Amino acid sequence: MTVSYAAIRQLHVAAAALSLALFVLRAAWMLASPARLQTRWVKIAPHCVDTVLLASALCLAWQLGAAGTRGWLAAKVIGV
């Protein structure tokens, strides 16, 4: 089964936005009510979202191939 590049890119962008939103939410909760940070879903959700973000990035990199990146993508994956 082949998934289109555009669909994976949309998933990646959505995961990046969700990751950023959760980061801001956790920062606000840290200042306003730190007890909320101890709930189970707050501890687990960022890992799930970041896993989807990384998996979609690797899938996009695989679809692009080395020719479409001019070397910057390999450096980014090694950095992560």
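**Exercise 1. Identify the residues that line the largest cavity, and sort them by element and class.**

Solution. Leu-22, Leu-25, Arg-26, Trp-29, Trp-41, Val-42, Ala-45 and Pro-46 line the largest cavity. H1 and H2 each give two or more residues to this lining. The model is predicted: local features need pLDDT of at least 70, side-chain atom pairs pLDDT 80 or more, while totals for chains, interfaces and linings use all residues. Numbering runs from 1 along each chain, and side-chain values use heavy atoms, without hydrogens and water. On a 1 Å grid over the protein atoms alone, a 1.4 Å probe fits in a cavity but cannot get out; a pocket is an open set with protein on both sides within 12 Å along at least five of seven lines; lining residues have an atom within 4 Å of a point. By class, the cavity lining has seven nonpolar, no polar and one charged residues. Its space is about 30 Å³.

**Exercise 2. Describe the largest pocket by volume and lining.**

Solution. Start with volume: about 330 Å³. Next, the lining: 14 residues, with His-12, Ala-57, Leu-58, Leu-73 and Lys-76 nearest the centre. Then the elements: H1 (5-32), H2 and H3 (72-79) each supply at least two residues. H2 gives the most, seven. Last, the classes: twelve nonpolar, one polar and one charged.

How values were computed. Points joined across faces, edges and corners; volume = space filled by probe spheres on them. Helix = DSSP H or I, 4+ residues; strand = E, 2+ residues; numbered from the N terminus. Nonpolar A, V, L, I, M, F, W, Y, C, P; charged D, E, K, R; others polar.
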